[in-house]
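Keep the sequence and the 3D view side by side while reading.

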Amino acid sequence: DNTVIQDNNIFDFFGTSTSYGIRIENFIGATTISGNSLYQQTVRGASGADQYAIYINSNSGAMTVDNN
């Protein structure tokens, strides 16, 4: 199977614990992440936790990433 995440506004994902805008875990297949805008609408201070706009843990296929 293929995964396509395309042309989305992904925002305000920042949290007090580990946070992700897009998170891909152990995926086998072609993955395309393109045309997305990842952002916060307000200024954020340090939370002491990891913050990821895009997090890819493992992928065993072709990957295309092209975002704003």
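This is a predicted model. Its mean pLDDT over the chain is 86, and 99% of the residues score at least 70. Strand β2 has the highest mean pLDDT, 96, while strand β7, residues 63-66, has the lowest, 80. Where pLDDT is low, the predicted coordinates should not be read in detail.

Start with the inside. Which residues make up the largest nonpolar core? There are eight: Ile5, Ile10, Phe13, Ile22, Ile24, Phe27, Ile33 and Leu38. In soluble globular proteins, nonpolar side chains tend to be buried together. Pick out Leu38 from this set. Beyond residues up to four places away in sequence, Leu38 touches Ile10, Phe13 and Ile22, which are also listed in the core. Leu38 also touches Ala53, Ile54, Asn67 and Asn68.

Next, look at Ser34. Ser34 lies in strand β4, which spans residues 31-34. Is Ser34 buried or exposed? Its relative accessibility is 15%, so Ser34 counts as buried, the cut-off being under 20%. Residues up to four places away in sequence aside, Ser34 touches Ile5, Gln6, Asp7, Asp66 and Asn67. Ile5 is one of the core residues.

Asp7, one of those contacts of Ser34, has a feature of its own. Asp7 sits in the loop between β1 (3-6) and β2. The phi angle of Asp7 is near 60°, a positive value in a residue other than glycine. At 57% relative accessibility, Asp7 counts as exposed.

Asp12 also has a positive phi, near 55°, and is likewise a residue other than glycine. Find Asp12 in the loop between β2 and β3. Its relative accessibility of 33% makes it partly exposed.

Side chains of opposite charge can pair when their charged atoms come close. Arg44 lies in the loop between β5 (37-39) and β6 (51-56), and Asp12 in the loop between β2 (9-11) and β3 (19-24), so the pair ties together parts that are 32 residues apart in sequence. Arg44 is partly exposed, with a relative accessible area of 38%.

The other bridge joins Arg23 and Glu25. Here the closest N and O atoms are 2.9 Å apart. Both partners are partly exposed: Arg23 at 48% relative accessibility and Glu25 at 32%.

Stay with the loop between β2 and β3, where Thr16 is also found. Thr16 is exposed, with a relative accessible area of 77%. Which residues does Thr16 contact, leaving aside neighbours within four places in sequence? They are Ser47 and Ala49.

Gln51 gives another pairing to check. Gln51 belongs to strand β6. At 26% relative accessibility, Gln51 counts as partly exposed. Gln51 and Thr18 are 33 residues apart along the chain, yet their C-alpha atoms are separated by 5.7 Å. Setting aside neighbours within four places in sequence, Gln51 contacts Phe13, Phe14, Gly15, Ser17 and Ser19.

Ile56 is partly exposed, with a relative accessible area of 33%. Together with Met63 and Val65, Ile56 forms a nonpolar patch on the surface. The accessible area of the three together is about 210 Å². Residues qualify for such a patch with over 30% relative accessible area. Read this region with some care: strand β7, residues 63-66, has the lowest mean pLDDT among the elements of the chain.

Definitions and conventions. Residues numbered from 1 in each chain as written. Heavy atoms only, no water. Helix = DSSP H or I, 4+ residues; strand = E, 2+ residues; numbered from the N terminus. Buried < 20%, exposed > 50% of the residue type's maximum accessible area, 1.4 Å probe, protein only. Salt bridge = Lys/Arg side-chain N within 4 Å of Asp/Glu carboxyl O. Core = buried A, V, L, I, M, F, W, Y, C linked by side-chain atoms within 4.5 Å. Contact = heavy atoms within 4.5 Å. Patch = residues over 30% accessible without salt bridge, like charges linked within 9 Å, V, L, I, M, F, W, Y side chains within 5 Å. Areas by Shrake-Rupley, 256 points an atom, 1.4 Å probe, with all protein chains shown as cover. pLDDT = per-residue confidence, 0-100.
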